[in-house]
Amino acid sequence: MLDVRHLDLEEIATALQDQSTYEYRWLIDPASGEIMMWTADGGIDGKTPVDLDELDLVPIEALPSSVWHRDMADFAERISDEQAGRRLQRAIQGRGAFRRFKDELHEEYPHLLTAWHAFQHVRATRRAIDWLLDNSLIDDAAASSCRSEHRDPDVP
């Protein structure tokens with residue numbers, strides 16, 4: 001089992017969010033916890049092509065965008081400013097939701113950016129912890145302890 005304290009949870013979370021994995025793959029070494037990138041033409045060292053099946057590494061597959069969309073919806077629902085909440089909820093309807101949500105925050109509610117980034121970061125970190133547990137890279141006790149340290153922050 002890996003020691004969760006020595007893992008780069010932020011990098012794992014980034015890999016779980018990365019929807020462009022058709023050009024490259026995120027991988028984790030189950031022995032060391034090191035995160036690596038693999039490409040078909042450059043392997044993991046950028047020079048030596050290697051088949052993924054030949055590596056003793058665990059691929060980090062991106063989670064569906066609906067998972068990350070839920071974070072925007074949850075954030076918008078928790079905002080105490082009803083008008084801001086309604087506008088953010090409207091922004092996440094249909095195609096282009098991520099861009100509209102970001103634009104709405106930056107242009108109309110910049111005072112909520114810090115709260116959004118903290119909220120998003122905690123959610124992503126917990127997903128990284130859950131992914132590690134689901135892939136048997138950390139144990140239940142470590143996951144539970146780490147999750148308790150990453151609770152949803154208060155939203156203004």
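Reader: Let's start with one residue. Is alanine 118 buried, partly exposed or exposed?
Author: Alanine 118 counts as partly exposed, because its relative accessibility is 33%. Buried means under 20% relative accessible area, exposed means over 50%, and partly exposed is in between, with a 1.4 Å probe and protein chains only.

Reader: Where is alanine 118?
Author: In helix α5. Helices (H or I, at least four residues) and strands (E, at least two) are DSSP runs, numbered from the N terminus.

Reader: How far is alanine 118 from aspartate 152?
Author: They are 8.4 Å apart in space, C-alpha to C-alpha, and 34 residues apart in sequence.

Reader: Before we go on, what are these values based on?
Author: This is a predicted model, where local features need pLDDT of at least 70, side-chain atom pairs count only at pLDDT 80 or more, and totals for chains, interfaces and linings use all residues. Residues are numbered from 1 along each chain as its sequence is written, and side-chain values use heavy atoms, with hydrogens and water left out.

Reader: Good. How many helices and strands are there?
Author: Six helices and three strands. From the N terminus on, the order is α-β-β-β-α-α-α-α-α.

Reader: What does the C-alpha trace span?
Author: About 55 × 35 × 20 Å along the principal axes. The protein has 156 residues, and buried residues make up 42% of them.

Reader: Switching to rings. How many aromatic pairs are there?
Author: The count is five aromatic pairs. Rings of Phe, Tyr and Trp (its six-membered ring) pair if their centres lie within 6.5 Å; planes under 30 degrees apart count as stacked, over 60 as edge-to-face and the rest as tilted. Take phenylalanine 75 and tryptophan 116: their ring centres are 5.2 Å apart and their planes are at 65°, so this pair is edge-to-face.

Reader: Which parts does that pair tie together?
Author: Phenylalanine 75 is in helix α2 (residues 65–78) and tryptophan 116 is in helix α5 (residues 113–134), so the pair ties together parts that are 41 residues apart in sequence.

Reader: Are phenylalanine 75 and tryptophan 116 buried or exposed?
Author: Both are buried. They also belong to one aromatic cluster, formed by Phe75, Phe101, Trp116 and Phe119.

Reader: What lies over the face of tryptophan 68?
Author: Arginine 127 does, at 4.7 Å from the ring centre. The rule for a charge over a ring is NZ of Lys or CZ of Arg within 6 Å of the ring centre and within 35 degrees of the ring normal. Tryptophan 68 is found in helix α2. At 8% relative accessibility, tryptophan 68 counts as buried.

Reader: On to pockets. How much space lies in the largest pocket?
Author: About 310 Å³. On a 1 Å grid over the protein atoms alone, a pocket is an open set of points where a 1.4 Å probe fits, with protein on both sides within 12 Å along at least five of seven lines; lining residues have an atom within 4 Å of a point. Grid points are joined across faces, edges and corners, and the volume is the space filled by probe spheres set on the points.

Reader: How do the lining residues divide into nonpolar, polar and charged?
Author: Seven are nonpolar, six polar and two charged. Ala, Val, Leu, Ile, Met, Phe, Trp, Tyr, Cys and Pro count as nonpolar, Asp, Glu, Lys and Arg as charged, and the others, Gly among them, as polar.

Reader: New topic. Which residues are buried in helix α3?
Author: In α3 (residues 82–91), Ala84, Gly85, Leu88 and Ala91 are buried. Seen down the axis of α3, they fall within an arc of 125°, so they line one face of the helix. The arc is that of the directions from the helix axis to the C-beta atoms. Glu82 and Arg90 are exposed on the other side of α3.

Reader: And which residues are buried in α6?
Author: Ala142, Ala143 and Cys146. The buried residues of α6 fall within an arc of 100° seen down its axis, so they line one face too. Exposed Asp140 and Ala141 sit on the face of α6 turned away from the buried side.
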